[in-house]
Number of protein chains: 2
Amino acid sequence: MKVTTPVKHVLVEDHFWKKYKQIVANEVIPYQWKALNDELPNTEPSHAIENFRIAAGESNGEFYGTVFQDSDVAKWLETVAYSLRDNPNPELEKKADEVISLLGRSQAADGYLNTYYLLKEPNNRWTNLRDNHELYCAGHFIEAAVAYNETTGKNEFLSIMEKYVHLIDQVFGTEEGKIKGYPGHEEIELALVKLFDVTQNEKYLRLAQYFINQRGQEPIYFREEAEKRKKIDTASTWNDEKNINFGLGFEYQQAHQPVREQKEAVGHAVRAVYLYIAMADLAAKTGDSSLKETCEILWDDVVKNKMYITAGIGSAVNGEAFTCNHDLPNDSMYCETCASVGLAFWANRMLRLDANRKYADVLERAIYNGTLSGMDLDGKRFFYVNPLEVNPFQHVRKDQQHVKVERQKWFFCACCPPNLARMIASVEDNIYTQTDDTLYTHLYVAGKVETTLSGKKIEITQSHQYPWDGDIALTVNTGEPAHFNLALRIPGWCQNAVVKVNGQLISLDRLEKGYLIIERVWQQGDSVSLHLDMQVKRMRSHPLVSMNQGQSALQRGPIVYCIEEVDNGANLAGLRLPKESEITSQFKEDVLNGVVILTADGYRVAPSNELYSSEQMELVPQKITAVPYYAWCNRGTGEMRVWIYES
Amino acid sequence: MKVTTPVKHVLVEDHFWKKYKQIVANEVIPYQWKALNDELPNTEPSHAIENFRIAAGESNGEFYGTVFQDSDVAKWLETVAYSLRDNPNPELEKKADEVISLLGRSQAADGYLNTYYLLKEPNNRWTNLRDNHELYCAGHFIEAAVAYNETTGKNEFLSIMEKYVHLIDQVFGTEEGKIKGYPGHEEIELALVKLFDVTQNEKYLRLAQYFINQRGQEPIYFREEAEKRKKIDTASTWNDEKNINFGLGFEYQQAHQPVREQKEAVGHAVRAVYLYIAMADLAAKTGDSSLKETCEILWDDVVKNKMYITAGIGSAVNGEAFTCNHDLPNDSMYCETCASVGLAFWANRMLRLDANRKYADVLERAIYNGTLSGMDLDGKRFFYVNPLEVNPFQHVRKDQQHVKVERQKWFFCACCPPNLARMIASVEDNIYTQTDDTLYTHLYVAGKVETTLSGKKIEITQSHQYPWDGDIALTVNTGEPAHFNLALRIPGWCQNAVVKVNGQLISLDRLEKGYLIIERVWQQGDSVSLHLDMQVKRMRSHPLVSMNQGQSALQRGPIVYCIEEVDNGANLAGLRLPKESEITSQFKEDVLNGVVILTADGYRVAPSNELYSSEQMELVPQKITAVPYYAWCNRGTGEMRVWIYES
């Protein structure tokens with residue numbers, strides 16, 4: 001098993017991502033800070049910081065919010081940590097330090113740290129792992145602490161969390177007297193691997209392994225826990241015994257069977273991918289081939305059977321869950337922003353396990369489409385649910401009230417905006433991985449990477465106008481000549497690529513899992529040029545995806561397109577894109593902050609007087625204009641479709 | 001306003017309908033009798049007859065069932081009444097007489113008759129009109145009593161119901177001291193018009209008018225009633241205050257505004273059409289042009305914006321309700337059998353108001369498609385919900401659990417099977433209406449009609465193999481020559497009709513609202529032949545029906561077709577019907593009790609390895625076979641589609 005490792009020193013100077021990173025730094029982080037402190041007018045209060053103040057004995061009042069309210073603070077801190085990497089901001093860092101200090105003061109003497117239980121049910125810790133997110137919140141704080149330590153070098157946050165993890169390690173395990181439980185919402189497992197990475201303390205790895213291995217073992221822990229809970233006085237808000245796990249059984253939290261026996265992605269989509277991330281991480285750290293194989297099976301199941309073309313996942317609002325193969329409704333789905341963010345993180349981990357283009361293709365699909373659509377171009381409004389089709393009746397149908405037709409300022413359950421923010425703020429972590437002698441370039445994001453290959457320090461820069469343009473230039477800076485491999489991903493969407501080193505054509509005949517491996521003794525200033533043909537593709541769905549038949553989606557490079565009412569008029573389902581129409585792409589500086597738009601000659605079916613008719617349909621010529629899906633709903637509300645009927 | 005009236009003496013000798021009527025007589029009525037008496041093994045108990053026994057003091061026990069359980073008894077009695085018209089059955093009539101006698105013994109001294117309130121909440125009569133169906137049940141018993149009186153000439157049942165209506169008339173009205181309420185589920189209004197028809201007592205017509213006129217007046221009665229109910233002790237099972245009217249407001253029961261201001265069909269589909277039936281009836285009886293105009297507006301709204309091609313109505317399970325224009329999902333809809341039965345009844349009443357083909361076309365669409373699909377060919381199993389598309393994931397999705405993929409033996413809420421049974425048992429009531437001098441033939445159902453036209457007794461027979469064959473022969477029997485008009489509907493689906501009288505071509509140049517009016521002095525034995533071309537039509541949906549674009553539905557004559565897995569293999573969405581393919585129709589004696597099946601050369605999209613691909617799709621030739629929609633799921637379970645993707 002050839003595992004690659006992350007590359008730390010990556011600077012983003014990309015026109016596309018730098019703008020988004022600045023939006024996160026300048027808009028999202030301050031906005032979320034206000035949200036956490038209840039300073040936003042006309043918005044659902046968060047109370048998240050106040051909960052900690054009360055827990056620290058520094059304020060009076062009662063806990064307010066969801067049982068996972070703490071995690072919003074954690075995700076904010078994690079985003080701040082990433083943002084501080086390339087946007088030093090002493091004032092922001094001071095704020096973060098103060099929050100961390102507050103966490104420390106809220107922490108119980110034994111290390112416990114969760115404001116819901118500290119304030120609401122101090123005697124009921126660990127009594128409802130199924131629903132109440134204690135370990136999930138701990139996981140998010142661990143991720144934040146690791147990130148904060150890595151960026152700032154400061155130890156306080158890490159110490160707080162190590163103290164908490166020490167307690168968790170004493171409480172959970174297969175040993176006599178310990179609770180044989182595991183989280184109802186996975187998250188701590190992957191966080192513990194990160195904590196191991198930064199501390200090299202194997203206890204954390206073992207604890208992660210315990211949680212993964214115990215999951216789904218008979219007797220199912222949550223069943224026993226529910227029995228015990230009948231004997232205690234608990235006020236859990238999530239404990240609706242009429243609709244446990246939304247009727248999905250223990251598949252809801254992937255606890256229906258031991259993880260290595262799981263062959264199909266089931267249940268709550270975010271929970272699922274968080275689990276799979278940890279499984280991939282553990283497979284990479286421990287060489288556990290059964291875990292790796294399970295990850296591969298689950299990966300194929302998701303991307304071949306259950307993933308939207310935008311990299312959205314979760315076909316049903318009930319349980320925010322996977323359903324079954326090829327069930328991919330475009331208007332009533334969930335496609336939670338968090339789930340696509342999780343899918344991107346999972347792809348990142350699978351790439352470390354196996355440098356295979358198929359993972360990078362999905363990673364790229366996720367970050368340019370179904371995640372980014374979760375935020376408007378200003379970073380001020382957010383989607384929780386990312387539909388692929390918005391119809392005029394979306395407002396009326398009670399079963400589609402979860403689908404908002406415009407982005408919202410904030411959410412009572414505010415998991416998605418901070419999750420997307422941390423993904424953007426750490427986008428550089430996805431570009432490269434490496435072995436001792438090979439640098440894998442998974443994504444084309446302009447900027448600079450510094451690392452050591454074959455014992456020599458090297459620096460490589462990328463410059464280009466990706467994703468709008470497929471001409472990519474890389475320059476190798478290595479003081480003295482260095483012998484190493486540069487592995488370049490030739491994206492799956494690209495049928496015509498041309499690679500040159502110092503102007504010399506390189507054959508693409510032998511790709512290794514989709515990567516061109518250029519082995520040479522690199523000289524200072526060597527240049528690599530990569531031309532990725534960005535011809536517009538008409539994507540069609542597998543014939544089992546019943547809702548997408550007779551339709552195509554337009555994709556150019558990694559960008560999936562949609563049609564919007566603002567460009568094409570109402571009734572987008574009445575448009576027809578002839579199979580033979582030429583599609584023109586053109587970069588428009590003034591549209592949606594600068595994007596390539598697509599246009600084609602098409603038709604509109606003329607409305608008839610009848611609901612059903614055997615008359616020949618009258619087709620009226622109409623220009624069809626498509627814009628990047630991620631940027632939809634930035635010019636007012638209206639209909640939108642990814643899948644366009646062909647004629 | 002030219003109103004036509006029903007024709008009483010119609011005998012069905014039609015190969016298609018006679019079979020169904022026999023199934024109702026021989027299977028459905030005995031089966032429902034067992035159900036009402038809890039004699040069916042492994043089936044949800046009904047307890048409906050037992051409730052009456054307890055109410056009569058002849059049995060011990062408690063009320064069991066829904067608040068409208070009584071109505072199952074009523075619909076059974078009504079079906080029996082129709083069935084006895086042409087299937088005399090002394091034993092069955094004796095059973096019915098016994099039930100009627102039991103009703104009389106259950107009736108309170110003041111005339112009140114509802115077992116839920118008599119047994120469960122004797123002090124709370126009329127306190128929850130919004131939810132609890134007292135007036136609805138009364139309406140069904142009135143309909144049954146009228147039908148039983150008309151068939152048998154017996155008066156006992158009618159007397160019981162007149163006594164009850166007398167009480168209702170004393171309780172409800174705008175006068176001081178009366179309750180200004182109206183039913184939460186319309187039904188009694190149309191029943192009162194029937195009661196007026198048979199008794200000519202204008203009090204009943206006035207009471208119906210009161211209910212219609214009061215509906216939706218401010219202050220909304222149900223709001224006031226709910227306030228009052230807070231002060232009483234009531235155990236109503238339907239009174240879930242968290243989800244009143246399924247979040248649809250008073251639109252749920254069409255009480256959001258006065259009926260004459262209603263311009264759009266809203267809310268619970270069955271409630272809606274029952275209301276519209278009474279409005280049409282009152283318009284016809286009283287010449288109320290504002291009611292007539294409202295009916296016409298609502299009719300057009302339903303059939304031009306909200307009706308499935310099968311004549312299904314109700315696009316959403318939430319509230320079993322209409323949603324908005326063109327929202328016609330094929331797999332998650334409601335399309336309750338009762339709603340299409342109600343639509344057929346409404347069409348029947350609109351035809352009396354205005355002999356316009358557009359009503360008969362929908363009547364015919366309903367009776368041959370979306371109603372009949374509610375029962376299997378043996379009359380032993382029933383659909384409550386009639387989907388137009390069944391996918392492999394129908395079982396998995398929690399939001400589609402209301403859609404059963406095979407017919408069920410019985411239902412806890414057993415409204416549909418008896419409703420369909422009474423429609424079939426009285427199908428002859430839809431064939432003709434008349435004025436003094438004109439006989440309108442709305443449907444082609446073989447058999448005999450006797451009536452008086454221009455003062456002369458005449459008899460006309462229809463003979464043909466409709467709906468499989470469009471050659472229709474009519475023979476006029478009139479002892480002496482008679483001058484009258486025979487009005488023949490030329491169906492909207494027929495573009496080529498040929499009519500001859502005694503072999504002489506009659507011009508179709510001047511149709512009156514879709515009817516050919518043949519005025520002549522008819523002689524004994526005059527023959528009329530009508531050839532209705534039954535070329536298969538490819539029906540397409542209005543471009544605003546987003547889910548049906550790129551697809552066509554096959555229709556031949558009045559019959560809408562579907563494709564089933566049993567004939568075409570799995571993955572019906574992967575089939576392609578080329579626009580230019582010839583469609584062959586062939587009568588098959590041995591298929592589905594004898595139907596015309598359709599076949600065409602088509603293709604199947606070959607499965608690919610990828611979920612999304614820009615590769616050209618591989619099309620494999622495949623014969624496509626379609627069968628009548630009403631007969632689907634009579635050869636095992638599997639996928640089904642009405643709308644077929646074209647290529």
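## Helix packing, domains and loops

H6(B) and H7(B) cross each other in a left-handed manner. The model described here is predicted.

**Helices H6 and H7 of chain B**

- Two packed helices are described by the angle between their axes and the distance between the axes.
- For H6(B) and helix H7 of chain B, which covers residues 156-171, the axes come within 9 Å and the crossing angle is roughly 145°.
- On the side of H6(B), the residues that meet H7(B) include Leu135(B), Ala138(B), Phe141(B), Ile142(B) and Tyr148(B).
- On the side of H7(B), the contact is made by Phe157(B), Leu158(B), Met161(B), Tyr164(B), Val165(B) and Ile168(B).
- Sorted by class, the residues in this contact of H6(B) with H7(B) are 14 nonpolar, one polar and one charged.

**Helices H4 and H6 of chain B**

- Helix H4 of chain B spans residues 90-106 and helix H6 of chain B spans residues 134-152; their axes cross at roughly 135° and come within 13 Å.
- H4(B) is therefore oblique to H6(B).
- The crossing of these two helices, H4(B) and H6(B), is left-handed.
- From H4(B), the residues Glu93(B), Ala96(B), Asp97(B), Ile100(B) and Leu103(B) take part, and they meet Phe141(B), Tyr148(B) and Thr152(B) of H6(B).
- Five nonpolar, one polar and two charged residues make up the contact of H4(B) with H6(B).
- Phe141(B) and Tyr148(B) are among the H6(B) residues that meet H4(B), and they are also among those that meet H7(B).

**Helices H2 and H4 of chain B**

- Helix H2 of chain B, residues 48-55, packs with H4(B) at an angle of about 45°, and the two axes are 8 Å apart.
- This angle makes H2(B) oblique to H4(B).
- H2(B) and H4(B) also pass each other in a left-handed crossing.
- Ile49(B), Phe52(B), Arg53(B) and Ala55(B) represent H2(B) in the contact, while Val99(B), Leu102(B), Leu103(B) and Ser106(B) represent H4(B).
- The contact of H2(B) with H4(B) comprises six nonpolar residues, one polar residue and one charged residue.

**Domains of chain A**

- Chain A is divided into domain 1 (5-430), domain 2 (432-532) and domain 3 (537-645).
- The centres of domain 2 and domain 3 of chain A, taken over C-alpha atoms, are separated by 36 Å.
- Domain 2 of chain A gives five residues to the contact, and domain 3 of chain A gives 13 residues.
- About 690 Å² is buried between domain 2 and domain 3 of chain A, and carbon and sulfur atoms give 61% of that area.
- Pro467(A), Trp468(A) and Trp493(A) supply 89% of the area that domain 2 of chain A buries against domain 3 of chain A, more than any other three residues.

**Backbone details in loops**

- Glu218(B) and Pro219(B) are joined by a cis peptide bond, with omega about -10°.
- Pro219(B) lies in the loop between helix H9 (202-214) and helix H10 (221-229) of chain B.
- Another cis peptide bond joins Tyr466(B) and Pro467(B), where omega is about 5°.
- The loop that holds Pro467(B) runs between strand S7 (456-463) and strand S8 (471-477) of chain B.
- Glu320(A), a residue other than glycine, has a positive phi near 50°.
- Glu320(A) is found in the loop between helix H12 (289-306) and helix H13 (337-353) of chain A.

Definitions and conventions. Residues numbered from 1 in each chain as written. Chains lettered and ligands numbered in written order. Predicted model: local features only at pLDDT ≥ 70, side-chain atom pairs only at ≥ 80, totals over all residues. Heavy atoms only, no water. Axes fitted to C-alpha atoms, helices over the stretch in contact; angles between N-to-C directions. Helix = DSSP H or I, 4+ residues; strand = E, 2+ residues; numbered from the N terminus. Parallel < 35°, antiparallel > 145°, perpendicular 65-115°, else oblique. Left-handed = near helix turned anticlockwise from the far one by under 90°. Contact = heavy atoms within 4.5 Å. Nonpolar A, V, L, I, M, F, W, Y, C, P; charged D, E, K, R; others polar. Domains from an automatic or database assignment. Buried area = accessible area lost by both parts, 1.4 Å probe.
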